[in-house]
Amino acid sequence: MEVSVTLWVLTIVGLAALIAVDFFIGRKPHDVSIKEAGIWTIVWIVLAGLFGVGLLIFGGGQPAGEFFAGFITEKSLSVDNLFVFVLIMAKFAVPSQYQQRVLLIGVLIALVLRAIFIAAGAAILASFAWVFYIFGAFLIWTAWKLIQEARADEEDEEFEENKLLKAAERRFGVADRYHGTKLWIEENGKRIMTPMLVVMLAIGTTDVLFALDSIPAIFGLTQDPYIVFTANAFALMGLRQLYFLIGGLLRKLVHLSYGLSVILGFIGVKLVLHALHESGVHVPEISIPVSLGVICSVLIITTITSLRASKKQAQAEAAAGSGDAEKDSVEA
């Protein structure tokens, strides 16, 4: 799809305006209610849908299909990010009324860093078609790794700070408590970071690690930088509200890793087939409608099986608790 510089500028300005409105509405520290989170989650999804319809009208079915496939993929991968965001909030003991501000700035940092990743990825793919093989192999390996981690059934109970974050803390120092929404304070004549700034950086830089699989994944669905960027932007900007909306539901999505592994593996195979086709090998290529159907089907099946498994586990735990209580009563 041919995208003019004017359209790029208008898109970035429009996204910046949406972020500004979101920031203005949530500028006062407060506990985000389920109602508020639900309304804004719907708003962001509707906006993404309208953008996709706009692509359909002005660009045709192919760009619109690529956008929706990319958006759904990035959104599903971002849900997995929320598990780590929960650990980060717990690690830094972020007060509940400040969590929405932390996520807003953290996601904004992540969006800027992802834009850099996307620009670099687009330039590399445009110059070296063989990179598709690397992206495809990496996604297949990531899918296998996700399955292994899910089968191990091990949960990280604490967030481990990355080297960049530790270096920043050593260089500038960190206050021993939160000072409202301030990012820097003066202490003993020295300017130091507050925990608020540290946790924002943790959210933003940690998301870069997730971009290592999500960016290749969306490039497996479309090689259009404009669609890759906008799909990532809409997926990330609604992440803050999604955090508060499904925070309690995250633990029930017990099969999410399996579903994501299937999606990443599928896109990895799609990338390898595309690379072979570009090399002149006559192999079938997977169309966008097929990709969109597979992605949606996997997510629906994963959600249904996860909720059923969680319900059975809850019933088993309730039955076990009832049995223990009855035993204690008899012994008494």
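This is a predicted model: local features need pLDDT of at least 70, side-chain atom pairs count only at pLDDT 80 or more; totals for chains, interfaces and linings use all residues.
Glu-2 is found in the segment that comes before helix H1 (5-25).

**Glu-2**
- With a relative accessibility of 80%, Glu-2 counts as exposed, because the cut-off for that class is over 50%.
- Although Glu-2 and Asp-224 are 222 residues apart in sequence, their C-alpha atoms are 9.1 Å apart in space.

**Packing of H4 and H8**
- Helix H4 (residues 99-127) packs with helix H8 (residues 225-237) at an angle of about 160 degrees, and their axes are 10 Å apart.
- Angles over 145 degrees count as roughly antiparallel, and H4 and H8 are therefore roughly antiparallel to each other.
- The crossing that H4 and H8 make is right-handed.
- On the H4 side the contact is made by Val-107, Ala-110, Leu-111, Arg-114, Ala-115, Ile-118 and Ala-122, while H8 contributes Pro-225, Val-228, Phe-229, Asn-232, Ala-233, Leu-236 and Met-237.
- Sorted by class, the residues in the contact of H4 with H8 comprise 12 nonpolar, 1 polar and 1 charged.

**Helix H10 and what follows**
- Helix H10 (residues 256-278) has 23 residues, which at 1.5 Å a residue should span 33 Å, and this agrees with its end C-alpha atoms, which are 33 Å apart.

Key:
Residues are numbered from 1 along each chain as its sequence is written. Side-chain values use heavy atoms; hydrogens and water are left out. Axes are lines fitted to C-alpha atoms, for helices over the stretch in contact, and angles run from 0 to 180 degrees between N-to-C directions. Helices (H or I, at least four residues) and strands (E, at least two) are DSSP runs, numbered from the N terminus. Angles under 35 degrees count as roughly parallel, over 145 as roughly antiparallel, 65 to 115 as roughly perpendicular and the rest as oblique. A crossing is left-handed if the near helix is turned anticlockwise from the far one by less than a right angle, and right-handed if clockwise. Contact means heavy atoms within 4.5 Å. Ala, Val, Leu, Ile, Met, Phe, Trp, Tyr, Cys and Pro count as nonpolar, Asp, Glu, Lys and Arg as charged, and the others, Gly among them, as polar. The expected span of a helix is 1.5 Å times one less than its number of residues. Buried means under 20% relative accessible area, exposed over 50%, partly exposed in between (1.4 Å probe, protein chains only).
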